[in-house]
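Welcome! Take a moment to turn the model around on your screen before reading on.

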Amino acid sequence: MIVEQIMTKDVITLTQDDSIKSAHQLMREHTIRHLPLINQKDEIIGLVTERDIKDATPASWDDGRLQEIMKMPLSSIMKTNLITGHPLDFVEEVAVLFYDHKIGCLPIINRGKLVGIITGTDLLHTMVELTGANKPGSQIEIQVENRPGILYEVTGIFCKQNINVHSVLVYPDPDNEKYKILVFRVATMNPIKVIDQLKKEGLHVQWPNIPGMSL
């Protein structure tokens, strides 16, 4: 999946000359926490977040000082050293940017112009959709040998049991590099039969496989 498929294209923006008060009002009106700042060419020149506004305002109540700050231009608090993405970036790669740089949003640039934005909430929603966690079903985790063809063999078992697979995640076994973990989200609320078959085929079902649990 690419960024263009999940980004917000109708981006709410302001300019660096707009006031902090205008940004605060706009954020409340549209229930957003990030405001890209653009110039007349639709080029992004800065970013202001809800946190930036909170940090700029007095911690104690001082109406006079607060009003003075609210009139200040956004250029006085905006961030300019921005990390940006491209519409054709892969969502998984963008997720790494969020993780590594601890950012809350990513402006999306194409040919120098702001064309979209994605937030951490957008990414979370997308990951839920991709994993099928929002669909009725069951999760099955299997430890398998780290060798070519193993995924094909395991999915063949689901096929024989006429069970549809919502999603598959594959990651290295943290305890043994000779193995990897397959995480299946399957379209059945009762996975007993397929789990029994997986075990008959000699596979190690890690979940559900709680000691004392009756399947």
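Here is a short tour through an aromatic pair, a core, a pocket and a few other places.

## Before we start

Please keep in mind that this is a predicted model. Everything described below was computed from it, apart from one annotation that comes from a record.

## A pair of rings

A pair of aromatic rings is described by the distance of the centres and the angle of the planes. How many aromatic pairs does the count come to? It comes to 1. The partners are Phe-158 and Phe-184, with ring centres 4.6 Å apart and planes at 40°. Planes under 30 degrees apart would count as stacked and those over 60 as edge-to-face, so this pair is tilted.

Where do the two partners sit? Phe-158 belongs to helix H6 (residues 150–160), while Phe-184 is in strand S7 (residues 179–186). The pair therefore ties together parts that are 26 residues apart in sequence. Are Phe-158 and Phe-184 buried or exposed? Both are buried.

## The largest nonpolar core

In soluble globular proteins, nonpolar side chains tend to be buried together. Here, the largest nonpolar core has 16 residues. The members that touch the most others are Ile-140, Ile-142, Val-154, Phe-158 and Leu-198, so you meet Phe-158 from the ring pair again.

Strand S5 (138–145), H6, S7 and helix H7 (192–200) each supply at least two residues of this core. Which element gives the most? That is H6, with 4 residues.

## The largest pocket

Now look for the largest pocket, which has a volume of about 330 Å³. It is lined by 17 residues, and those closest to its centre are His-34, Leu-47, Thr-49, Gly-104 and Cys-105.

Strand S2 (44–49), helix H2 (50–56) and strand S3 (105–110) each give at least two residues to the lining of this pocket. H2 gives the most, with 4 residues. Sorted by class, the lining has 6 nonpolar, 4 polar and 7 charged residues.

## What the record says

An unreviewed UniProt entry carries the annotation "domain: CBS" for residues 7–64 and 78–136. In the model, the span 78–136 is 39% helix and 22% strand. The C-alpha atoms at the ends of this span lie 44 Å apart.

Conventions: Residues are numbered from 1 along each chain as its sequence is written. This is a predicted model: local features need pLDDT of at least 70, side-chain atom pairs count only at pLDDT 80 or more; totals for chains, interfaces and linings use all residues. Side-chain values use heavy atoms; hydrogens and water are left out. Rings of Phe, Tyr and Trp (its six-membered ring) pair if their centres lie within 6.5 Å; planes under 30 degrees apart count as stacked, over 60 as edge-to-face and the rest as tilted. Buried means under 20% relative accessible area, exposed over 50%, partly exposed in between (1.4 Å probe, protein chains only). On a 1 Å grid over the protein atoms alone, a cavity is a set of points where a 1.4 Å probe fits but cannot get out, and a pocket is an open set with protein on both sides within 12 Å along at least five of seven lines; lining residues have an atom within 4 Å of a point. Grid points are joined across faces, edges and corners, and a volume is the space filled by probe spheres set on the points. Ala, Val, Leu, Ile, Met, Phe, Trp, Tyr, Cys and Pro count as nonpolar, Asp, Glu, Lys and Arg as charged, and the others, Gly among them, as polar. UniProt positions are given in the numbering used here, feature names are shortened, and annotations may be inferred rather than shown by experiment. A nonpolar core is a set of buried Ala, Val, Leu, Ile, Met, Phe, Trp, Tyr and Cys residues joined through side-chain atoms within 4.5 Å.
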